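Please consult the sequence and the structure alongside the text.

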Amino acid sequence: MPAHRASAGAWLRAPGETYAKAALFRGRGVEEFDGAGNRRPLFDPAAVESGRYLESGASLYAEHGLSRDVTLLASAILKLADLEAYDREVASEVRGLSIGIPDLYLGARLPLSRGAWAAALEPSVSIPLQAVDRRTEEAPRIGNGSASFALSAAVGRSLPLANGYAQAAAGYRARAGRASDEWYGDAEAGVSPWGPLRVRIRYDRVDARRVASDMQGSLAAEAGARNARRIAPTVALGWRGGSELSLTWRRTLSGKSALRGSEWELAYAFLGIVRR
């Protein structure tokens, strides 16, 4: 298994092996895709002179090989969402700020196939913590406040070119309450073209089973259904001992009730044996 993979995907971790990734991110958007998938300004130009949505925070993701047949997964994210706009009617700035940890993700990876082609099954749950502080009514929502259960399958293999790999996954997420269930999937490929340099590219998509309405925008649907397709190229430097420093740029290409924006992520990852 190539050591530079962002996450194991179709491969399980060896017993006692741990992969941990800590990241800082910052994103920005001034446009959105409405419920019909059309691009439009984030705010009504007739009422708002200018506006933007800013998002920043930190995340932690970990995988641990419990045994040869079980890899445990966990992740959490601390997010700050900041909404700024200048209202023409009242001739003043409108601002909303939210900060918190919306939920905790826990999962496991189980083998379906080993060999040249690896495959794995990944059940997971998302537990809403609702540890979010919304400073004003205008503040954007963080998370959707509902528990979910997801099941996905992944397949992948190593490539002979530049110590490369390719993998793809697809799954279904069922949500409790009024939030829409969704299909999701991703594809990723990476190579190490020279020494410590590592290059990856990832594509992912989420398709909710229902989107609220043709006029529903990304901010109104922050806790609801949305469709989105994103691309994320990564450049990384790795060194002996299993550590890696990476820079990722994410861009939403299309969607429904989704923010059209970009995000930068700076991450440090470690891969090693913590228990023999």
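Helices (H or I, at least four residues) and strands (E, at least two) are DSSP runs, numbered from the N terminus. The structure is a predicted model, in which local features need pLDDT of at least 70 and side-chain atom pairs count only at pLDDT 80 or more, whereas totals for chains, interfaces and linings use all residues. Residues are numbered from 1 along each chain as its sequence is written, and side-chain values use heavy atoms, with hydrogens and water left out.

**Overall architecture**

- The protein chain contains 13 strands and zero helices, and its pattern along the sequence is β-β-β-β-β-β-β-β-β-β-β-β-β.
- Of its 276 residues, 43% count as buried; buried means under 20% relative accessible area, exposed over 50%, and partly exposed in between (1.4 Å probe, protein chains only).
- Among contacts with a separation of 6 or more, 63% are made by residues 24 or more positions apart, a contact being heavy atoms within 4.5 Å.
- The accessible surface of the protein chain is about 14,000 Å², and carbon and sulfur atoms provide 59% of that surface. Accessible areas come from the Shrake-Rupley method with a 1.4 Å probe, and for residues only the protein chains shown count as cover.

**Strand pairing around strand 11**

- Strand 10 pairs with strand 11 in the antiparallel sense over eleven bridges; two strands pair if DSSP finds at least two bridges between them. In this pairing, Leu197 stands opposite Leu237 of strand 11.
- Strand 11 and strand 12 are also paired in the antiparallel sense, over eleven bridges, with Ala236 opposite Ser246 of strand 12.
- The hairpin of strand 11 and strand 12 has three residues between the strands, and Gly241 in this hairpin takes a positive phi near 105 degrees.

**Two buried positions**

- Asp204 is placed in strand 10 (residues 197-208). With a relative accessible area of 13%, Asp204 is buried.
- Leaving aside residues up to four places away in sequence, Asp204 touches Gly185, Asp186, Ala228, Arg229 and Arg230.
- Ala269 belongs to strand 13 and is buried, at a relative accessible area of 6%.
- Although Ala269 and Ala20 are 249 residues apart along the chain, their C-alpha atoms are separated by 5.6 Å.
- Beyond residues up to four places away in sequence, Ala269 touches Tyr19, Ala20, Lys21, Gly242, Ser243 and Glu244.

**Aromatic pairs**

- A search of the whole structure finds four aromatic pairs. Rings of Phe, Tyr and Trp (its six-membered ring) pair if their centres lie within 6.5 Å; planes under 30 degrees apart count as stacked, over 60 as edge-to-face and the rest as tilted.
- The pair of Tyr19 and Tyr61 is edge-to-face because the ring centres are 6.4 Å apart and the planes stand at 65 degrees.
- Tyr19 lies in strand 1 (residues 17-33) and Tyr61 in strand 3 (residues 48-67), so this pair ties together parts that are 42 residues apart in sequence. Tyr19 is buried, with a relative accessible area of 5%.
- Trp239 and Tyr268 form a tilted aromatic pair, 6.4 Å centre to centre with 35 degrees between the planes. Since Trp239 lies in strand 11 and Tyr268 in strand 13, the pair ties together parts that are 29 residues apart in sequence.
- Trp239 is partly exposed at a relative accessible area of 44%, and Tyr268 is partly exposed at 41%.

**Nonpolar surface patch**

- A nonpolar patch on the surface is formed by Leu237, Trp239, Leu245, Leu247, Trp264, Leu266, Tyr268, Phe270 and Val274, with about 880 Å² of accessible area together.
- The elements that give two or more residues to this patch are strand 11 (227-239), strand 12 (243-256) and strand 13 (258-273); strand 13 supplies the largest share, four residues.
- Patches are made of residues with over 30% relative accessible area and no salt bridge: like charges are joined within 9 Å, nonpolar side chains (Val, Leu, Ile, Met, Phe, Trp, Tyr) within 5 Å. A salt bridge is a side-chain nitrogen of Lys or Arg within 4 Å of a carboxyl oxygen of Asp or Glu.

- Most residues other than glycine have a negative phi.
- Ala162 has a positive phi near 50 degrees and lies in the loop between strand 7 (148-159) and strand 8 (164-175). Ala162 is partly exposed, with a relative accessible area of 27%.
- Asn163, also not a glycine, has a positive phi of about 50 degrees and is placed in the loop between strand 7 and strand 8. The relative accessible area of Asn163 is 44%, so Asn163 is partly exposed.
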